[in-house]
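Thanks for coming, everyone. Please look at the screen while I talk. I'll keep this quick.

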Amino acid sequence: MRAYAKVDNVMYYSSYTKLTAATYPGGKKAVTQAAAKLYKKSTAKGTVLATIPKNARLTYLGKTFCTDTKQTFHVKYTKSGKTYTGYLRSAAKLTF
C-alpha cells in the first residue's frame, strides 16, 4: 500500500508501506507443518528470533503484505516460557 498525490497533473507516489491484516480471526491457533524460521521483521533478511520445529503450536496474528506479491504470517510463538512475536515466510505451511 502506498500514498499518492496529483500535483499540477503529475502523479507522485510514496514508498510502499507494510500492512498486516487478519485473514483468519486473530488469536487463532495454528500448527507448523514443517520447520520454519521466525524473523523479527517481515523481511526474510532480518534477525532470526527462533527456529520453529515441525508440529509446533503458535498463535496466528495476521498476514503482513509487504508488496503486491510478497506476504508473511505474523505469529506469536512460545518456547521454554519465552514468547516471541515475529514473522514467518508465507511458504511456511500452517494448519488451523
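Start with a definition: two strands pair if DSSP finds at least two bridges between them. Strands themselves are DSSP runs of E, at least two residues long, and they are numbered from the N terminus.

Now the ground rules. This is a predicted model, where local features need pLDDT of at least 70, side-chain atom pairs count only at pLDDT 80 or more, and totals for chains, interfaces and linings use all residues. Residues are numbered from 1 along each chain as its sequence is written, and side-chain values use heavy atoms, with hydrogens and water left out.

How confident is the predictor? pLDDT is its confidence in each residue, from 0 to 100. The protein chain has a mean of 84, and 83% of its residues reach 70 or more. Strand β6 has the highest confidence, at 95, while strand β3, residues 19-21, has the lowest, at a mean of 62.

On to strand pairing. Strand β4 covers residues 28-32 and runs antiparallel to β7, with four bridges joining them. One of the partners to find: Lys28 is bridged to Tyr60 in β7. β4 also pairs with β10, again antiparallel, over two bridges. There, Thr32 has Leu94 of β10 as its bridge partner.

How many aromatic pairs does the structure hold? Two. Rings of Phe, Tyr and Trp (its six-membered ring) pair if their centres lie within 6.5 Å; planes under 30 degrees apart are stacked, over 60 edge-to-face, and the rest tilted. Tyr60 and Phe73 make an edge-to-face pair, 6.3 Å centre to centre, with 65 degrees between the planes. That pair links distant parts of the chain: Tyr60 is in β7, Phe73 is in β8, and they sit 13 residues apart. Tyr60 and Phe96 are also edge-to-face, at 5.2 Å and 90 degrees. Here the partners are 36 residues apart, with Phe96 in the segment after β10 (94-95). Together, ring pairs link Tyr60, Phe73 and Phe96 into a cluster.

Buried or exposed? Buried means under 20% relative accessible area, exposed over 50%, and partly exposed in between, using a 1.4 Å probe and protein chains only. Tyr60 is at 0%, so it is buried. Phe73 is buried too. Phe96 is at 34%, so it counts as partly exposed.

Next, the core. A nonpolar core is a set of buried Ala, Val, Leu, Ile, Met, Phe, Trp, Tyr and Cys residues joined through side-chain atoms within 4.5 Å. The largest one has 15 residues, and Leu38, Ile52, Leu58, Tyr77 and Leu88 touch the most other members. β5 (36-39), β6 (48-52), β7 (57-65), β8 and β9 (82-89) each supply at least two of its residues. The largest share, three residues, comes from β8.

Take Leu38. Contact means heavy atoms within 4.5 Å. Leaving out residues up to four places away in sequence, Leu38 touches residues including Val48, Ile52, Tyr77 and Leu88.

Last stop: Thr72, in strand β8, residues 71-79. Why does Thr72 count as buried? Because its relative accessibility is 4%. Lys63 lies in β7. At 18% relative accessibility, Lys63 counts as buried. Lys63 and Ser90 are 27 residues apart along the chain, and their C-alpha atoms are separated by 8.4 Å.

Methods
pLDDT is the predictor's confidence in each residue, from 0 to 100.
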